[in-house]
Structure formats: C-alpha cells, structure tokens
Amino acid sequence: MKNIDFIAELKFLTTEQSGRKTRAKSGYRPHIEFDNYPEYITSGIQTYIGKETVFPGETIKAQITILGTEYFAKRLYENMDFKFCEGSRTIGYGKIKEIVNLDLKSEPNVSQESINLNLFPFDMKNRIESDFGENRIRAISRIQELIISNESFRNHRIIRAIIHLANKDSDHLKKIIGQAKTDWRDILLWAEYKDENGKTTQIRDFNKEFGNETL
C-alpha cells in the first residue's frame, strides 16, 4: 500500500439517505471529491482506525491514501471537507483532521481564494467553460497547476490574459502557459497591447472582468 496521505473523520450516509446498503470493509476505495476542486476526482483508500468494518450511518476515523497526489500538492488543509462516492452516488462526507503527507499541505497563511481557480471571480470560470467546452476540465487543471506553481500567477490579470490568448484551444493554452512561466510580462503585452504605426497602445485591461476589459 502507498503511504498514508491524511487522517479524516468519515460520516457514512444511511441506506435511506442513498448510502451503501451493506457495510464497508477497511480497504474500501471510493472516489473522493474535495471541497472546491470538482474538476479532479481521485480515489481514496480508507483504512479504518480501530475497526475493520463500518455500517451505513456510522462515523469513524480513517487513514486515507489518494491517487493524484501531484495535483493536490500544497492544496489540502486541516478541516477541509470532501465527499466520497460510488460513481455518481454520494456515500458519505469527510473532513481532514491531520495531513500526514506534508507535500499536500497548503502553505501557511495562504488563503484558498488565492490558489484555487474555482474561487476566483466568476467571469474567469464562465469564460473557460464557454471557450473550452468539453475540454474545460483539462483547461481548468492546466491553469490551476500554474496558479499553484508560483505566487506570481495568483493574479487575476495574468490569468485572464492567458485565457484570452489561448483563443479557445486547449493545446494553445498549454503553449501560452509555457510562455508565462518563461516571462509573464510577455503575456500581458500580447493580450493587452497593439502595435500600430510604430506605436504601442493599450487596448485591453484584464484587471477588469471579461466583457469589460476593452478600453
């Protein structure tokens, strides 16, 4: 088994609440959806503490091992909520009590609003959904990874400029993100300015929300 990632308190729904009809044994591996990260559903092995089986309606503490730890690096925190599911059916809810894998732990004094794209202003998420359609989950994941990678990218202006320059193409988005990592100032130049007759003029301001950015 992989190393433990965190310890959580789990509340199993009753059968009447659409939970399991039978008990779950230690080693049970449902899907997990973390609070405010619906774009990335992982699986989590539950190793129960002090018991081998849990019945519908019970609450128990468990050691949790997840897949996709790279995606959640520096994003999890104590008392973070999640739900665990079988397919589309929610089986129960959990709360992180202790993070064992410190690679997953959010940096001290960093607010979730600054590192979670889903908590950024609504205009960005709406633009991603309208621009990328069925590829929106891939686009969200790529932008989210950029935001987590460096404090410089926790900036609404830069992220809006990246979305604009991607031009509704998820492959081009990847290239624009690569350029942003090289020099984010190029991103703002390309997105907000136009060269005309040897003169550079600002035509957009992505400090403003999509729809209001044109000067």
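Contact here means heavy atoms within 4.5 Å. The exercises below use a predicted model.

**Exercise 1. State how confident the prediction is, and where confidence is lowest and highest.**

Step 1. Take the average. The protein has a mean pLDDT of 94. A score of at least 70 is reached by 99% of the residues.

Step 2. Look at the elements. Strand β9 (residues 193-196) has the lowest confidence, with a mean of 90. The highest is in α4, at 98.

**Exercise 2. Work out how helix α2 packs against α4, and which residues meet.**

Step 1. Get the geometry. Helix α2 (residues 122-132) packs with α4 at an angle of about 10 degrees. Their axes are 11 Å apart.

Step 2. Classify the angle. Angles under 35 degrees count as roughly parallel. Therefore α2 and α4 are roughly parallel to each other.

Step 3. List the residues. From α2 come Asp123, Met124, Arg127, Ile128, Asp131 and Phe132. They meet His156, Ile159, Arg160, Ile163, His164 and Ala166 in α4.

Step 4. Sort the residues of this contact by type. Six are nonpolar, two polar and four charged.

**Exercise 3. Name the buried residues of α2 and some of the elements that cover them.**

Step 1. Apply the cut-off. Buried means under 20% relative accessible area. In α2 this gives Asp123, Met124, Lys125, Ile128, Asp131 and Phe132.

Step 2. Find the cover. The elements over these buried residues include α3 (136-149), α4 and α5 (170-182).

**Exercise 4. Describe the salt bridge between Glu192 and Arg157, and decide whether each partner is buried, partly exposed or exposed.**

Step 1. Take the distance. The closest N and O atoms of Glu192 and Arg157 are 2.5 Å apart.

Step 2. Glu192 belongs to helix α6 (residues 184-192), and Arg157 to helix α4 (residues 156-166), so the bridge ties together parts 35 residues apart in sequence.

Step 3. Judge accessibility. Glu192 is buried because its relative accessibility is 0%. Arg157 is partly exposed, at 23%.

**Exercise 5. Determine where Arg75 sits and what surrounds it.**

Step 1. Locate the residue. Arg75 is in the loop between β6 (59-66) and β7.

Step 2. Judge accessibility. Its relative accessible area is 1%, so Arg75 is buried.

Step 3. Find contacts beyond four places in sequence. Arg75 touches Tyr37, Met80, Leu104, Lys105, Ser106, Gln112, Gln144, Glu145 and Ile148.

Step 4. Follow one of these partners. Ile148 is 73 residues from Arg75 along the chain, yet their C-alpha atoms are separated by 8.1 Å.

How values were computed:
Residues are numbered from 1 along each chain as its sequence is written. This is a predicted model: local features need pLDDT of at least 70, side-chain atom pairs count only at pLDDT 80 or more; totals for chains, interfaces and linings use all residues. Side-chain values use heavy atoms; hydrogens and water are left out. A salt bridge is a side-chain nitrogen of Lys or Arg within 4 Å of a carboxyl oxygen of Asp or Glu. Helices (H or I, at least four residues) and strands (E, at least two) are DSSP runs, numbered from the N terminus. Buried means under 20% relative accessible area, exposed over 50%, partly exposed in between (1.4 Å probe, protein chains only). pLDDT is the predictor's confidence in each residue, from 0 to 100. Axes are lines fitted to C-alpha atoms, for helices over the stretch in contact, and angles run from 0 to 180 degrees between N-to-C directions. Angles under 35 degrees count as roughly parallel, over 145 as roughly antiparallel, 65 to 115 as roughly perpendicular and the rest as oblique. Ala, Val, Leu, Ile, Met, Phe, Trp, Tyr, Cys and Pro count as nonpolar, Asp, Glu, Lys and Arg as charged, and the others, Gly among them, as polar.
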